[in-house]
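Q: Please take a close look at one packing contact in this model. Then go on to a few loop positions.

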Amino acid sequence: MPDSHFQPAYLQQPLLETADWLYQSSERLAQQLNYAAQALMHTLTSGGTVLCAGEDEGAHLARRAAMLLVQGQGRERPPLAAVALTPSGSPQQPTLAQQVRALGHPGDVWLAFSLEREDPDLLAATDAARELDMTLVAFTGEAARTLGPMLRDTDVWVPLPGTRADTMFATAWLALSGLCAAVDNHLLGEEHP
């Protein structure tokens, strides 16, 4: 039977680090998530679509975002127009950029997730989204090395605190729940307990 008093520091450290990053950045993160929710609402209420994408862990975040937007988070509402694009795993599959050109329209939202890695397919797709005059909502690390240079004044940047990909992923996972709850609140009004 394991000793319940045994708590190695290496198990606690990532949790404490993530909690600390969240605490320090909660006000700024909440503000940017509000701007992101407004961008999504503008597109969705105008008949547009939210195209979600990322590479590696970002692809998981994109699938989660599309799922939450389509299905909601427990409150009864119609499905929203969102789709997660699949990164190309082989030359026979379409690239993200090809998918954006096939499905995207001016005024749609390009919801991109980058954990500050080299994401060539995501970069090319983001460039294609800009050419189509889509609004960019980018979840990136605070350095914003990958997608940051592509942001315009009308785009929304959601800076994920932390320096490690796992910390940024955990923060983005929580932030997506907040973003989708904000969209639901815009559509249905605030939920009262």
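A: Helices (H or I, at least four residues) and strands (E, at least two) are DSSP runs, numbered from the N terminus. The model is predicted, so local features need pLDDT of at least 70 and side-chain atom pairs pLDDT 80 or more, while totals for chains, interfaces and linings use all residues. Residues count from 1 along each chain as its sequence is written, and side-chain values use heavy atoms, without hydrogens or water.

Start with the helix pair. Helix α1 spans residues 9–45, and helix α5 spans residues 165–188. Their axes (lines fitted to C-alpha atoms over the stretch in contact) lie 9 Å apart, at an angle of about 40°. That makes α1 oblique to α5. From α1, the contact (heavy atoms within 4.5 Å) uses Glu17, Thr18, Trp21, Leu22, Leu29, Leu33, Asn34, Ala36, Ala37, Gln38, Leu40 and Met41. Helix α5 contributes Thr167, Ala170, Thr171, Leu174, Ala175, Leu179, Ala182, Val183, His186 and Leu187.

Now the loops. Asp56 sits between β1 (50–54) and α2 (57–71). Asp56 is not a glycine, yet its phi is positive, about 55°. Asp133 lies in the loop joining α4 (120–131) to β4. Its phi is positive too, about 60°, and Asp133 is not a glycine either.

Thr146 belongs to the loop between β4 (135–141) and β5 (156–160). Leaving out residues up to four places away in sequence, Thr146 touches Ser114, Glu116, Arg117, Asp119 and Leu123.

Key
Axes are lines fitted to C-alpha atoms, for helices over the stretch in contact, and angles run from 0 to 180 degrees between N-to-C directions. Angles under 35 degrees count as roughly parallel, over 145 as roughly antiparallel, 65 to 115 as roughly perpendicular and the rest as oblique.
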